[in-house]
Amino acid sequence: MSASSPTLLVTGASGQLGRRVVELLLESHRGPLIVTTREPAKLADLAARGVVVRKADFDDAASLDAAFAGAQRLLLISTDALDVPGRRITQHKNAVEAARRSGVRHIVYTSLTRPEPDSPVTIARDHWATEQTLEKSGLGFTVLRNNFYADLLLHSLPRAVATGQLIAATGTGATAFVTREDCARIAVAALASDFDGKRTLDVTGPAAVSHEELARLVSKLSGRPVQYLAVDAASLTAGMVSHGLPAPLAEAIASFDVAVAEGRMDKTSPAVAELTGGAPASISSFLEKHQEALKAAAH
């Protein structure tokens, strides 16, 4: 282990993105690694592999100094606290302030495409407020503005195949879908790099795809015709609620569609390729990997 290798820290390491980041770091990075989670027992296997596992509760600001102690570069994965408006902003602010007190030099943060105050996306304000906190912190930072996960389509597309209809409120807008794997790869690259300034990067797939194009693609892969049915956001929300989705979650999903319809999610960026050295996966190649699940939904 090189004495000059900075100690890296990954928060939210028991989540899907965090866990994948840790696995990639263990494959590629030879320096010391700390991970935090609300439930350290879930990461006992990582502790057995030499990773320092610590409990971190972002609602308990005083506890975070010990959790972050000794880290020079920190990946702050946005929390899943969406139950109370403003709670996530407070959590992230607690984390940034604790990182500064603990001697962290650089924070990598997982944000959202175009989270400006006028964004229709319900969770955008959390990311915008966190970005402002980072800007005022005096620390170096890399903001990764991740576009919509391609992986989330694996929830909606099988239903579209089964019913023959892909229902969305995206109008004629397009989305530069990015895979969770590519978000993990760029997070690793940003965290393990020696960049120490301030930067904000859009994290996207290689091309923007409309829902009409998605319907054609999924028709081809599943062998069953799927039509894109454009609806308004209120109808989409009502439909999701009628299928058992909690109203706040349905509203959040529909708000992403509104952003797409307004042309806010279609910008592509070379950031993944530039930081990782490997091109991001296209939506067609991603869905081809899951073709069997799409075919199964047709029966």
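Visitor: Is Arg-114 buried, partly exposed or exposed?

Guide: This is a predicted model, in which local features need pLDDT of at least 70 and side-chain atom pairs count only at pLDDT 80 or more, while totals for chains, interfaces and linings use all residues. Residues are numbered from 1 along each chain as its sequence is written, and side-chain values use heavy atoms, with hydrogens and water left out. Buried means under 20% relative accessible area, exposed means over 50%, and partly exposed is what lies in between, with a 1.4 Å probe and protein chains only. Arg-114 has a relative accessible area of 35%, so the residue is partly exposed.

Visitor: Where does Arg-114 lie, and what is its phi?

Guide: Helices (H or I, at least four residues) and strands (E, at least two) are DSSP runs, numbered from the N terminus, and Arg-114 has its place in the loop between strand E5 (106-112) and H5. Most residues other than glycine have a negative phi. Arg-114 is not a glycine, and yet its phi is positive, at about 45°.

Visitor: Strand E5 also holds His-106; is that residue buried or exposed?

Guide: His-106 lies in strand E5, and it touches residues that include Gln-72, Phe-141, Phe-195 and Gly-197, where contact means heavy atoms within 4.5 Å and residues up to four places away in sequence are not counted. From His-106 to Thr-142 the separation is 36 residues in sequence and 7.7 Å in space, C-alpha to C-alpha. The relative accessibility of His-106 is 0%, so this residue counts as buried.

Visitor: Which residue lies over the face of Phe-195?

Guide: A charge sits over a ring if NZ of Lys or CZ of Arg is within 6 Å of the ring centre and within 35 degrees of the ring normal. Over the face of Phe-195, at 4.0 Å from the ring centre, lies Arg-199.

Visitor: How are the rings of Phe-58 and Phe-68 arranged?

Guide: Rings of Phe, Tyr and Trp (its six-membered ring) pair if their centres lie within 6.5 Å, and planes under 30 degrees apart count as stacked, over 60 as edge-to-face and the rest as tilted. By this rule the count comes to 3 aromatic pairs. The centres of the Phe-58 and Phe-68 rings are 6.4 Å apart and their planes stand at 85°, so the pair is edge-to-face.

Visitor: Which parts of the chain does that pair tie together?

Guide: Phe-58 counts as buried at 8% relative accessibility, and Phe-68 is buried with a relative accessible area of 0%. Because Phe-58 lies in the loop between strand E3 (52-55) and helix H3 (64-68), and Phe-68 lies in helix H3, the pair ties together parts that are 10 residues apart in sequence: that loop and helix H3.

Visitor: Which residues form a cluster through ring pairs?

Guide: The rings of Phe-148 and Phe-177 have centres 6.0 Å apart and planes at 70°, so this pair is edge-to-face. Phe-148 is in the loop between strand E6 (140-146) and helix H6 (153-163), and Phe-177 is in the loop between strand E8 (174-175) and helix H7 (180-192), 29 residues apart. Phe-148 is partly exposed at a relative accessible area of 21%, whereas Phe-177 is buried at 4%. The cluster linked by ring pairs is made of Phe-148, Phe-177 and Phe-256.

Visitor: How are helices H1 and H7 oriented to each other?

Guide: Axes are lines fitted to C-alpha atoms, for helices over the stretch in contact, and angles run from 0 to 180 degrees between N-to-C directions. Helix H1 (residues 16-28) packs against H7 at an angle of about 55°, with the axes 9 Å apart. Angles under 35 degrees count as roughly parallel, over 145 as roughly antiparallel, 65 to 115 as roughly perpendicular and the rest as oblique. H1 and H7 are therefore oblique to each other.

Visitor: And how does H4 lie relative to H5?

Guide: Helix H4 (residues 87-101) and helix H5 (residues 124-137) pack with their axes 9 Å apart and at an angle of about 20°. That angle is why H4 is described, relative to H5, as roughly parallel.

Visitor: Is Lys-289 buried or exposed?

Guide: Lys-289 is found in helix H12 (residues 283-289). Between Lys-289 and Ala-259 there are 30 residues in sequence and 27 Å in space, C-alpha to C-alpha. With a relative accessibility of 72%, Lys-289 counts as exposed.
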